[in-house]
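Q: Can you walk me through this one? I'd like to go feature by feature.

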Amino acid sequence: MINLSDYGYQDIFERQITENEQQTGLIPARVTSIQKENYQVVSAYGNNNAKLKGSLFYLDSKFVTYPAVGDFVLIKPNYQGDDIIYRVLERRTCFSRLNPSQPNAVNGSSAQIVASNFDYVFVMLSLNYDFNVRRAERYVAAAWQSGGIPIVVLTKQDLCIDYEEKAALLQSALPGIDIHVISAHTGFGIENLQKYLKPAHTLVFMGSSGIGKSSLINVLSGNVLMKVNSIREEDSKGRHTTTYRQLFRLENGVLLIDTPGMRELGIWDAEEGISETFADIEDLTSSCRFHNCRHQEEPGCAVKEAIQNGSLTNERWSSYLKLLKEARRSARKAAMLKSKKETTKTREKHVNYNKEEWY
Ligand SMILES: Nc1nc2c(ncn2[C@@H]2O[C@H](COP(=O)(O)OP(=O)(O)OP(=O)(O)O)[C@@H](O)[C@H]2O)c(=O)[nH]1
Ligand SMILES: [Zn+2]
């Protein structure tokens, strides 16, 4: 038997299960991989393939939350074949991205969840061509918004002479955020990441392609990752061997999520996250003399004052404005899509499930 708490299962999830659900034999599981309609889950009984319970997920898809990698779901275990997924338990943290091709992907919002229930977000930038303070700020804002704790990891230290300057520059833009410089090739700085590698804690990685994400994952896992994937599970009972998993558990008990979706993350609803990253600026704007200060020519403007006395750089201020504008534009877009959908929704007859049929 597997102990699901080794896979990040906590009371916060357990409390969501109703008595009725328990009595009908539903048990919790974590989604480890999704390929089209095929899911893989890990539950007390180990790894298995799983399918959605059609009558629950497809009848009225607008109101349904579809499982994402990292989700805890309730399944009816099946020893002969696929487990059946009944419900997604409410997420602790999640990353979403705008998905115009599938506007109904999640809960009536046009977002698609690409990873969920993680603790730390490794925001990765390589120190050579990829290094960009503004992008790092955007990633960190999105990470805050997801509910996870952002940790900035600057990769390929061996290819960069002035990595200390770059790290310092970034640190001044992101006060209070842990920033680490590493090289997956030489092992530089890797030991500083150990403190985030706690058993049953889930890490997720964000950053553009080629920054050395896979290399870092391999270093963190040693050869274990390969071993994990080649383990044959009890396939005699209809359990299958995993070919490609997006959530995996290292030998030291750490859980990693690496989904393709993480590479295309937008910041469409990052406004809240921006407030965290730029908390100092939000403090300033709220101490302007006029509450509707536009921070231009108004007397008593705390922002102008801070720029003049050098405690706020012009660059950081304009990057804040730019991010805010972007986030608002995306939020407007999302709101538009949503209200469009709601109009159609009210036109359609709401399907009422027969509760008995759920189990
Ligand atoms: N010099 C140097 N090269 C590195 C380091 N880490 C990764 N690389 C190289 O960078 C290239 C991309 O590395 P990956 O680990 O595949 O990068 P990734 O972010 O997983 O890329 P995708 O799979 O495309 O998302 C490879 O050629 C690596 O050998 C490093 O610390 N130093
Ligand atoms: Zn002002």
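This is a predicted model: local features need pLDDT of at least 70, side-chain atom pairs count only at pLDDT 80 or more; totals for chains, interfaces and linings use all residues.

Q: OK, zoom out. How many helices and strands are in the protein chain?
A: The chain has 11 helices and 13 strands. It has 359 residues, and 36% of them are buried. Of the contacts with a separation of 6 or more, 68% are between residues 24 or more positions apart.

Q: What is the strand order in the open sheet?
A: Six strands, in the order E10-E9-E8-E11-E13-E12, and the pairing is mixed. E10 (178-181) and E12 (247-249) are the edge strands, each pairing on one side only. Neighbouring strands are turned by 25° against each other on average, direction ignored.

Q: How do E12 and E13 pair?
A: Antiparallel, over three bridges, with E13 spanning residues 255-257. Arg249 stands opposite Leu255 in E13.

Q: Which strands does H4 lie across?
A: E8 (120-126), E9 (149-155) and E11 (202-206). H4 runs at about 170° to E8. H5 packs on the sheet too, where it touches E9 and E10. The direction of H5 makes about 165° with that of E10.

Q: What about the barrel: which strands close it?
A: Five strands, in the order E1-E2-E3-E5-E4, with mixed pairing. Neighbouring strands there are turned by 55° against each other on average, direction ignored.

Q: How many bridges join E1 to E2?
A: Six, and the two strands run antiparallel. E1 covers residues 27-35 and E2 covers 38-43. Ser33 stands opposite Gln40 in E2.

Q: Now the largest nonpolar core. Which residues touch the most other members?
A: Val73, Ala115, Val123, Val140, Val152 and Val204, out of 77 residues in that core. Helix H4, residues 133-146, gives the most to the core, with seven residues.

Q: What does Val140 touch?
A: Val123, Pro150, Val152, Leu174, Ile177 and Thr277, leaving out residues up to four places away in sequence.

Q: Switching topic. Which residues does the UniProt "binding site" annotation cover?
A: The unreviewed UniProt entry lists Cys288, Cys293, His295 and Cys301.

Q: Where is Cys288 found?
A: In the loop between H9 (279-285) and H10 (302-308). Cys301 is found in that loop between H9 and H10 as well.

Q: Is Cys301 buried or exposed?
A: Buried: Cys301 has 21 C-beta neighbours inside 10 Å, and the cut-off for buried is 20 or more.

Q: And why does Cys288 count as partly exposed?
A: Because Cys288 has 19 other C-beta atoms within 10 Å, and buried needs 20 or more while exposed means 12 or fewer.

Q: Which residues do those two contact?
A: Setting aside anything up to four places away in sequence, Cys301 is in contact with Cys288, Cys293 and His295.

Technical notes. Residues are numbered from 1 along each chain as its sequence is written. Chains are lettered from A and ligands numbered from 1 in the order in which they are written. UniProt positions are given in the numbering used here, feature names are shortened, and annotations may be inferred rather than shown by experiment. Helices (H or I, at least four residues) and strands (E, at least two) are DSSP runs, numbered from the N terminus. Two residues are in contact if their C-beta atoms, placed from the backbone, lie within 7 Å. Two strands pair if DSSP finds at least two bridges between them. Axes are lines fitted to C-alpha atoms, for helices over the stretch in contact, and angles run from 0 to 180 degrees between N-to-C directions. A nonpolar core is a set of buried Ala, Val, Leu, Ile, Met, Phe, Trp, Tyr and Cys residues joined through C-beta atoms within 7 Å.
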